[in-house]
Structures are given as C-alpha cells and as structure tokens.
Amino acid sequence: MSGPPSPPRSTPLDGAVDVHAHYLTPSLREAMVAAGHDRPDGMPAIPDWSAPDALALMDATGVAVSMLSVSSPGVHLGDTARAVALARTVNDEGAALVAAHPDRFGLFASLPLPDVEAAVAEAAYAYDTLHADGIVLLTHYDGTYVGDPAFEPLMAELDRRRAVVLLHPTSPAGWRETCLGRPSPMLEFPFDTTRAVARLVLDRVLTNHPRIRFIVPHAGAALPVLADRIAAFAFLETETPVDVVDALRTLHYDVAGLALPRALPALLQLVGADRLLYGSDHPFTADWVVEGLASTLATHDFLPPDGKRALLSGNAARLFPRLSR
C-alpha cells in the first residue's frame, strides 16, 4: 500500500515575473567571441544558457514568466551593418523561444543603436511582426547616452507605442582605467545606470515622453542615494528646474542583484512597492546565487505581504497585460 502523496514542493517566489533575465543564443555567442567579447565587460567568461536550463531554474525558484533580453555589450559589437543583422537574428531567435514557451517567456527586443533609423525600423518589426513585450536599451551606445537628442526619433516612436523599456548598463568609456582591475558590473554598471537615468530626467526626456515605461535595474543603482544631490544641482541649471525626485518616482525598478539587505530599503525611501519588479539577472548571476537571493527576498520582512506580491507579479501584470490573459 502506498503512502500519502508528497506535498507539492514549495518555491520561494511562487508565480513571480522576472523582468531582468537574459538569453544567449549560439548566434549571439559566436558574434561576441568573433568581436573579442569572450570576457564581456571584464567578466570571466560568457555564461552558458539554454531554454531548458532557464526553465529548470524558474521552476526551482517559482518564477512563472521570464522576460528575456540581451545583456551588455548588446548587438553593436563594432560594426553597424553587422549590428543591424545581429539585432534581427537575436530578436527572431527570442521570438521563437517565446513561441515555443508562450506561458513562460516574454521578449525585450534589441535595437541596433546608435543607428537611429535602423533602430526605429527594428522596433517596428519587433512590435508589429514579433509582438515583442518591450525593448531593451543600453545606458549608452558608443558614448552617446539614451537621453541624448540624437535618439529623439526613437524616443518618439517608443512613446507612441507606450513601450516598456528595460534600461541595462554597459561599460562606460575608459572603464578599464576606473574599474580597479575588477569586472565592470561591480562599480561601473551601477554608476552608468545612474548617469543614464540622470540624463533622461535632467534633459526632460521623461517629461517629453511620459508614455514610455522605463525599468531601472539593480534596485535603482546609486539613484536612491544620489537623488537629492541630483535634485539640488538641477536648481542651478534653469529658472524652472526639473522635479528630479518626482520624475524618479514615475519609473519602475527591478531588484536584480544584491538588493538586500541595504539597496532595496534605500529604494523604498524613494518609491513605493507599486514601482518594484522582480529580476534575477540570470545567467550572469549564477543559478545558486539566484536561488539564494530568491530565498532571501521571500523571507525578508522589508515589505508587508501585499507589497511583496505586487513586487513579484502584480506590478508586472499591469505593465504586460498579456500575462493577465
């Protein structure tokens, strides 16, 4: 006689939506290696990734859906024409992953910036043909930050489409001289995110394009600490300064990386739980680290239960209506 059935395995993030998850196809890996990015941003290696492995980790941590994106250094690896082709390739491959697992994956499409005309065309293809869930933008492209007027035609198009845009850091100019001999994600990524968002705010890109829903990664990087400092300097620039803190409160923030015990409480001094989203940063964050951070997020008392549910899935459902369907 068999015993009672085993209880279902509990998972720390039951039903979460991961808005900061990366994918690495063989085509992308080959292009990165060929362009000399076999140690991207000073990391030891390009991590391994496959859909089955990603799904296994999602099941282990309780993630229902992962919104896939290409991480730094993106698709422009030194040649503009190749960037246009690579963007189309990885977007098609990402859409195929979503088609194979429509209830488990979503897609943030990549754009071949700094070629603005090609980027606008690829955004149209991503939305109209691939039905992408959003767009991923790096903090800068060859030193031109996303708030630069050169990118205005793209911002206008993304605003028209009410795009959800995942902002992702990349190594800034001269990073090898400032990274202390360590990988760029340790210090340079958070500061480059902060720099890019500051420009979006101070140059009124957020004001002029209020229908773009930006997601700022890594618990807001250094913004929770520097928000008041940026706001003070804004008063030196014009008779009608930007309300920096109010602008930052219109953004969304994922908690990828080491959000606890210090970064996330600092962010909660700036925004409420309704602006938070879950992120794993897999596979650039190893499986065992993702699992450990998920457990910490699930058990830490930084938010009441309803706020934590909003972070894990409720806020994402408002950004991506198809998840509710």
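Tutor: Happy to! A cavity here is a set of grid points where a 1.4 Å probe fits but cannot get out. Keep in mind that this is a predicted model.

Student: How many cavities of 30 Å³ or more are there?

Tutor: The structure holds four of them. About 120 Å³ of space lies in the largest cavity.

Student: What lines the largest cavity?

Tutor: Its lining residues include V255, L260, Y278, S280 and L297. By class, eight residues of that lining are nonpolar, four are polar and none is charged.

Student: And what volume does the second largest cavity have?

Tutor: That cavity comes to about 90 Å³. It is lined by 15 residues, with D18, M58, S66, S280 and H282 nearest its centre. Helix 2 gives the largest share of this lining, four residues.

Student: New topic, aromatic rings. How many aromatic pairs are there?

Tutor: The count is three. In one of them, the ring centres of Y23 and W49 are 6.3 Å apart.

Student: Why is that pair called edge-to-face?

Tutor: The planes of Y23 and W49 stand at 65°, and over 60 degrees counts as edge-to-face, so the pair gets that name. Y23 and W49 sit 26 residues apart in the chain.

Student: Are Y23 and W49 buried or exposed?

Tutor: Both Y23 and W49 are buried.

Student: What sits over the ring of Y125?

Tutor: That's the charged end of R88, 3.6 Å from the ring's centre.

Note on methods. Residues numbered from 1 in each chain as written. Predicted model: local features only at pLDDT ≥ 70, side-chain atom pairs only at ≥ 80, totals over all residues. Heavy atoms only, no water. Phe/Tyr/Trp six-rings, centres within 6.5 Å; stacked < 30°, edge-to-face > 60°. Helix = DSSP H or I, 4+ residues; strand = E, 2+ residues; numbered from the N terminus. Buried < 20%, exposed > 50% of the residue type's maximum accessible area, 1.4 Å probe, protein only. Lys NZ or Arg CZ within 6 Å of the ring centre and 35° of its normal. 1 Å grid on protein atoms, 1.4 Å probe; cavity = no way out; pocket = protein on both sides within 12 Å on 5 of 7 lines; lining within 4 Å. Points joined across faces, edges and corners; volume = space filled by probe spheres on them. Nonpolar A, V, L, I, M, F, W, Y, C, P; charged D, E, K, R; others polar.
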